[in-house]
Amino acid sequence: MQTLTRLECDEQLSALLWRAGAGWRMISSAVLGGGIGERSWVLNAQVSHGYSRTDPDAHLAGLAHDAGTRGPGVGLMTAADVLRHGRAHDDGVAAVVTAGLGVHGWAAAPAPGTPLPPTPGTINIIAAVPAALTDAALVNAVTTVTEAKVQALLDSGYDCSGTPTDAVCIAARTPRPGEEPQAFAGPRSLWGARLARAVHAAVCAAVEPVRGGSRASATAAADPRRRGSVPCQQHP
């Protein structure tokens with residue numbers, strides 16, 4: 001993960017760039033490169049808190065081009081400080097999370113929807129799985145990542161499921177000729193379990209725990225020695 005800096009509107013901003021290269025399929029909710037397909041890089045760019053551009057995809061594409069990327073990729077935005085990100089690994093799975101929880105809440109809330117473009121996401125999750133996954137497994141992986149994120153937020157003492165503009169990008173290897181992709185990525189599957197633990201730990205490392213509000217999840221209470229179930233307040 002490469003760190004980039006730029007001066008924009010008299011403000012110094014940073015970005016994280018993963019030059020994945022060839023051989024990756026990604027699923028993402030990002031404004032640039034979203035959906036499922038072959039992707040070769042992921043950019044998570046910090047923008048100002050007063051961000052007002054209505055063409056975030058073009059903005060991200062320009063930043064990626066300036067960084068020297070080639071081919072299709074994924075671009076995410078956040079107003080959070082990307083230098084204060086959380087990282088975690090679990091048996092080959094890697095996760096990087098940037099988080100800002102200034103506006104957070106529960107997904108099922110009695111609030112009106114809006115057709116307007118969302119403001120930059122505040123919890124951005126990027127994860128890489130060194131195995132081939134079917135399209136259905138990639139969708140399953142997004143569910144697993146979301147569940148792990150919510151678990152980490154609760155373990156950190158937050159009374160919420162996330163922010164209104166969270167985004168995710170999950171990369172998996174492109175199947176080799178004759179290779180059978182993994183059909184499952186739920187939290188109890190081989191790669192889904194590793195993905196969940198890596199994302200849980202990365203979110204815990206990225207967010208500031210609520211003082212006196214952190215709690216251990218059920219798995220940690222049952223067996224604190226189990227990988228991926230360490231209470232969030234023990235993460236740096």
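View 1. Residues are numbered from 1 along each chain as its sequence is written, and side-chain values use heavy atoms, with hydrogens and water left out. As the model is predicted, local features need pLDDT of at least 70 and side-chain atom pairs count only at pLDDT 80 or more, while totals for chains, interfaces and linings use all residues.

**View 2. Helices α2 and α3 cross in a right-handed manner.** The axes of α2 (residues 135–155) and α3 (residues 190–206) come within 8 Å and cross at roughly 40°. Axes are lines fitted to C-alpha atoms, for helices over the stretch in contact, and angles run from 0 to 180 degrees between N-to-C directions. A crossing is right-handed if the near helix is turned clockwise from the far one by less than a right angle, and left-handed if anticlockwise. Residues of α2 in the contact (heavy atoms within 4.5 Å) include Ala141, Val145, Ala148 and Lys149; those of α3 include Leu195, Val199, His200 and Cys204. By class, the contact has ten nonpolar, four polar and two charged residues. Here Ala, Val, Leu, Ile, Met, Phe, Trp, Tyr, Cys and Pro count as nonpolar, Asp, Glu, Lys and Arg as charged, and the others, Gly among them, as polar.

**View 3. Cys9 and Asp10 have positive phi values in the loop between β1 and β2.** Most residues other than glycine have a negative phi. For Cys9, phi is near 55°; for Asp10, phi is about 65°. Strand β1, on one side of this loop, spans residues 2–8. Cys9 is exposed at 75% relative accessibility, and Asp10 is exposed with a relative accessible area of 76%.

**View 4. Glu11 lies in strand β2 and is in contact with Ser48.** Strand β2 comprises residues 11–18. Glu11 is partly exposed, at 31% relative accessible area. Leaving aside neighbours within four places in sequence, Glu11 is in contact with Arg6 and Ser48. Glu11 and Ser48 are 37 residues apart in sequence, and their C-alpha atoms are 7.8 Å apart.

**View 5. Gln46 is a buried residue of strand β5.** The strand runs over residues 42–46, and the relative accessibility of Gln46 is 11%. Not counting residues up to four places away in sequence, Gln46 touches Arg6, Leu13, Ser14, Ala15, Thr78, Ala79, Ala80, Asp81 and Val82.

**View 6. The protein chain has four helices and ten strands.** Along the sequence, the elements follow the pattern β-β-β-β-β-α-β-β-β-β-α-β-α-α. Buried residues make up 49% of the 236 residues.

Methods
Helices (H or I, at least four residues) and strands (E, at least two) are DSSP runs, numbered from the N terminus. Buried means under 20% relative accessible area, exposed over 50%, partly exposed in between (1.4 Å probe, protein chains only).
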